[in-house]
Structure formats: structure tokens, C-alpha cells
Amino acid sequence: MKKSPLQKARAAYQPKLPVVLTGPVKVVEGEATTSVADQEAIKNLFPETYGLPEIKFEKRTTPVAGKPVNVGVILSGGQAPGGHNVICGLFDGIKKLHRDSRLYGFLMGPGGFVDHNYMELTSAIIDEYRNTGGFDIIGSGRTKLEKVEQFDKGLEILRELNIAALVIIGGDDSNTNAAVLAEYYKSINAGVQVIGCPKTIDGDLKNDVIETSFGFDTATKVYSEVIGNIQRDCNSAKKYYHFIKLMGRSASHIALECALQTQPNICIISEEVEAKNMTLQDIVNSIADVVARRAADGKNFGTVLVPEGLIEFIPAVKKLIAELNDMLAANGDEFAAVAPAEQRAWVIAHLSKENAAVYESLPAGVARQLTLDRDPHGNVQVSLIETEKLLSEMVKKRLEEMRAEGKYNGKFSPLHHFFGYEGRCADPSNFDADYCYALGFNASCLINAGVTGYMSSVRNLNKPSVQWQAGGIPITMMMNMERRNGELKPVIQKALVRLDGVPFRKFEEKRDEWALNTCYVYPGPIQYFGPAEVCDQPTLTLKYEHQGK
């Protein structure tokens with residue numbers, strides 16, 4: 001395989017482990033835990049793995065002889081920078097326990113586990129993927145592990161390969177599946193441990209004990225570089241408004257972090273929209289007002305950051321989508337049989353009066369997109385909704401109304417962008433390279449500790465990596481009950497942008513100044529070599545969140 005000069009240089013990078021993981025560790029157990037909400041319901045669903053203690057690793061003064069262990073690994077869901085380093089850290093960790101330990105990768109996600117498609121990951125293979133982006137070492141997939149038949153089928157290959165532990169690298173839903181799997185295997189005494197690792201560029205898999213999901217650092221730095229480039233062009237041409245949609249369907253962490261890094265004229269935060277009970281027209285009016293005020297100052301250009309999931313946070317639209325999800329889950333076949341030209345009328349006829357009025361008020365294209373095929377969890381695929389174009393069209397219409405009223409006299413030329421896949425498989429930043437390697441190595445320590453139903457946890461992430469703290473968190477501790485496909489199901493609670501948190505308050509303090517002035521910052525590309533203040537810095541979100549602790 002031909003490699004670029006950067007690939008060759010990155011292959012030689014040695015991730016920096018927390019000091020505690022550089023030698024033998026001892027397990028220190030904390031207090032018993034409870035779920036974040038719905039305690040009785042979660043406890044009843046997870047009687048074998050509920051209430052486990054937090055685990056902290058500390059350095060052990062005397063070495064302990066390890067035993068060979070065979071481990072399986074699955075990459076689940078969308079890609080995130082650093083996934084390969086999780087696997088590399090896991091491989092190095094189990095080899096350090098005993099050189100005869102073996103690692104098996106299940107191909108193309110959980111589906112490979114169920115269908116018995118796998119490969120052994122040898123040192124020669126592992127060395128090809130150190131510090132690289134992507135999930136191509138074994139591929140990923142979105143098959144949900146939720147049926148006993150799947151668990152039993154997977155158990156067959158685990159026993160055939162003498163696999164004692166399975167590591168699932170994924171987001172909140174994938175780690176929820178890991179918890180369900182751990183519970184089932186424990187209940188039947190299968191003798192298989194299940195460990196999760198927190199992955200998602202969206203940044204919404206975090207809490208007091210999981211400080212960030214891996215990939216968020218790299219992805220936001222990639223997006224911020226490109227936003228900075230666009231802003232430089234914007235400030236040079238001085239004639240375009242760039243509407244930039246950013247990944248993040250369930251939370252606005254990416255948009256907020258990119259705003260903190262680049263200082264755009266406008267950044268919409270979905271959680272604020274919901275908290276203030278804003279309508280779609282309220283959002284449009286607020287953007288149009290900024291455009292008009294900048295035009296009065298001779299500035300007919302700017303940048304607008306739009307989170308991918310915005311449409312679902314507008315309260316009236318959120319209520320509509322909730323009813324649509326339930327209605328289509330119950331009447332999907334009937335809806336599919338309706339002729340496309342008649343589907344809008346069919347939907348309106350089957351909605352409550354309030355939601356029918358909201359649905360009818362939406363542009364035809366957006367209304368149609370709300371009824372397209374659901375994702376595997378029964379939710380609207382918001383990435384298919386071109387929110388950035390919807391907003392610019394409505395802003396243009398509003399500006400013409402303001403022109404007629406004598407409140408606007410400028411030029412408005414919008415351009416549209418969606419940054420998503422550009423950041424998911426980038427070569428990991430030094431932070432993500434180190435963090436992911438530590439997560440994987442830490443998972444091997446959890447396996448050696450004999451626990452199951454835990455998520456690999458590395459904390460104190462605002463400090464240099466050698467000072468990071470390692471341990472494990474019971475996955476059930478992060479769970480609550482949510483409605484999926486019309487049913488209440490246990491899932492890991494998503495972390496939304498906290499409007500009382502330091503990152504949002506920092507943004508709130510400056511956004512009026514950024515709106516009217518041109519305060520653009522140009523972060524430039526990720527740097528891998530050089531001083532730590534250039535190469536090893538965590539996200540501003542992480543930095544500010546630690547300020548608030």
C-alpha cells in the first residue's frame with residue numbers, strides 16, 4: 001500500500017499513555033451506582049449489571065502474572081477519528097497481559113458478530129493502522145444487537161474462538177446494546193465479558209464520568225479549519241452569506257465548539273431554540289435582523305452555522321415529529337401504499353389538529369422529508385433535511401419584506417455547505433490519538449479485572465495525557481428510558497448543550513460582537529508536530545467545562 005509522507009510520519013507516533021497504565025494496576029472500587037433516571041425501570045431490566053461500582057485504576061507496586069486472553073472487537077455505527085487507535089491500544093494491552101493473547105475483529109460491525117464474519121488482528125495488521133483515521137481495519141455497520149437470537153448466534157462464534165471478552169466501540173445506542181448483551185451473557189453464565197468504548201463525533205455521549213467521546217476533538221478541528229477558510233474567502237470577496245450545516249442531530253456540541261474556534265457572525269444552538277420556545281420564523285427573523293444591521297454598515301457578507309438537528313428542537317416541529325414517528329410506526333404500510341401526490345393530504349388527515357396546522361405550514365419539500373424512511377431507531381433522518389437552504393430561502397423572503405418596509409437596503413447572496421463526512425475519518429489529532437489509545441489499553445485492564453457491563457473511562461482530560469485518570473463506569477449508570485419506534489426502551493441518556501454551562505456562556509458573551517463585526521478566527525489545519533500548545537490542545541469545550549468544575 002502506497003503511503004503519503006504524513007502517513008509514514010504518523011505511523012511512528014507513539015501515543016502517550018496515562019502514567020497509571022504504564023505498569024501493573026490495581027482496582028479500586030467506588031460506591032454502588034444508580035442510573036441517571038428511571039431507576040426502578042432500569043434496575044428491573046438489568047438485574048445482573050445494575051448498581052455496580054465505579055472502578056478506578058491505581059499503580060500497583062508488585063507485578064502480577066497475566067494469563068492469555070482471547071478478545072473480540074466490534075466497530076459500531078458511524079466512523080470517528082481514532083477508532084483504529086482504540087483497537088491498537090486494546091491489542092497492545094492484552095499482549096502486555098500475556099504475549100499469547102489474541103484479538104479478533106468482527107467485520108462490518110455487529111452484523112459480522114452475528115454472521116460469524118471475522119479476522120484475527122495480528123501485529124502486522126495492527127501496525128498498518130496506528131494513528132490513522134477511518135474504520136477500515138475491520139469496517140463498521142449499524143446492525144442493532146437487541147434480540148436473544150442474535151446474542152445466541154454471536155455466542156457460538158465466541159465459544160468457537162475461545163473469546164472471553166467482547167469490546168464494542170460505538171456511540172450511545174451501540175453502548176446501550178453492549179449493556180443489554182452484557183446483561184444477557186451474565187444472566188446465562190456465558191462467561192463472556194462485554195466492555196464499551198465511547199465513540200461519536202457529535203459529542204453527545206458524555207456526562208460527569210465520561211468527559212468526551214472520541215473523535216469530537218478531531219472532527220471539530222477539521223470543520224473549524226474549513227469554516228475558517230470559508231470565512232477568509234468571505235472576508236475577501238465581501239459578497240456572500242455562507243450557511244454552513246454541521247453534523248450533530250441530537251445536540252449542538254459541534255456547532256458550539258466550531259463557533260468558539262472560528263467566531264462566526266451567527267451560530268444557532270438548537271437547545272437554546274427549544275428553551276426559548278422559538279418558532280422557525282423567530283429563527284429566520286433573528287438571522288434577517290443581523291443581515292440587515294450588517295448591511296447598514298456596508299457588510300453584505302457573513303457566516304451562519306446551523307446544527308444538523310435544528311428542525312427537531314423547534315418545539316412546534318418537535319411535537320409534530322413525535323406524532324409523525326408514532327403514526328408512521330403504527331401505519332407505515334398504509335402510508336407506503338398512498339400515492340406520492342396524495343401523501344401530504346393523508347398525513348394532514350391523520351394528525352391532531354395542532355400538528356396538522358404546523359405540518360401544513362411547512363414548505364412542501366421539508367414536509368415531505370419529515371415523512372421519508374426512518375433511521376434504524378425509528379427517527380426522522382434529519383441529515384436529509386436541507387435546513388441550511390430552508391433558512392436562507394426564508395431569510396431572503398423576510399429581507400424582501402423588510403426592504404418593502406424601508407428596514408433593509410443591501411444585497412443577500414447565500415451559499416450553502418454541509419460538513420459531515422469530511423471530519424469522520426480524518427487522521428486523529430494528537431489528543432484523539434492519545435485518548436483513543438488510552439481507551440483501548442484501559443479496556444484491556446477492565447478485561448483483566450474480570451468486569452462486564454462497563455464503559456472504558458479516561459478522565460482529567462484537560463491535563464497532559466500522562467496525568468489522565470483511568471477506570472471503568474457501569475453503562476447502566478448512564479441510562480434512562482426513552483421512546484423509540486413507539487415503545488419505551490432503555491438507552492444511554494444523550495448529553496445536550498447546557499445553557500448554564502461555561503462553553504455556552506462564553507459564546508453568549510461574545511456573539512453580539514461577532515454578529516456585527518468581523519471577528520473571524522482562522523484555526524488552520526491540524527498540527528501533529530511542534531510545541532504542545534499548537535499540537536496537543538483539547539477542544540475549547542473541554543477546557544471551559546473543566547473551568548466550571
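Residues are numbered from 1 along each chain as its sequence is written, and side-chain values use heavy atoms, with hydrogens and water left out. Because the model is predicted, local features need pLDDT of at least 70 and side-chain atom pairs count only at pLDDT 80 or more, whereas totals for chains, interfaces and linings use all residues.

Helices (H or I, at least four residues) and strands (E, at least two) are DSSP runs numbered from the N terminus, and two strands pair if DSSP finds at least two bridges between them. Glycine 196 has methionine 455 in β12 as its bridge partner.

Another open sheet contains 4 strands in the order β9-β10-β8-β11, with parallel pairing. Its edge strands, β9 (266-267) and β11 (414-419), each pair on one side only. Strand β9 is joined by 2 bridges to β10 (residues 302-307), and the two run parallel. Opposite cysteine 267 stands leucine 305 in β10.

Two packed helices are described by the angle between their axes and the distance between the axes. Axes are lines fitted to C-alpha atoms, for helices over the stretch in contact, and angles run from 0 to 180 degrees between N-to-C directions. Helix α8 (residues 216-237) packs against helix α9 (residues 253-262) at an angle of about 50°, with the axes 9 Å apart. The two helices, α8 and α9, are therefore oblique to each other (angles under 35 degrees count as roughly parallel, over 145 as roughly antiparallel, 65 to 115 as roughly perpendicular and the rest as oblique). The crossing of α8 and α9 is right-handed, the near helix being turned clockwise from the far one by less than a right angle.

On a 1 Å grid over the protein atoms alone, a cavity is a set of points where a 1.4 Å probe fits but cannot get out, and a pocket is an open set with protein on both sides within 12 Å along at least five of seven lines; lining residues have an atom within 4 Å of a point. Grid points are joined across faces, edges and corners, and a volume is the space filled by probe spheres set on the points.

The whole structure holds 1 cavity of 30 Å³ or more; the largest cavity has a volume of about 50 Å³. Its lining includes Lys206, Phe216, His253 and Glu545, and helix α22 (residues 540-547) gives the largest share, 3 residues.

Of its 30 lining residues, Lys206, Asn207, Asp208, Arg498 and Glu545 lie nearest its centre. Here too α22 supplies the largest share of the lining, 5 residues.
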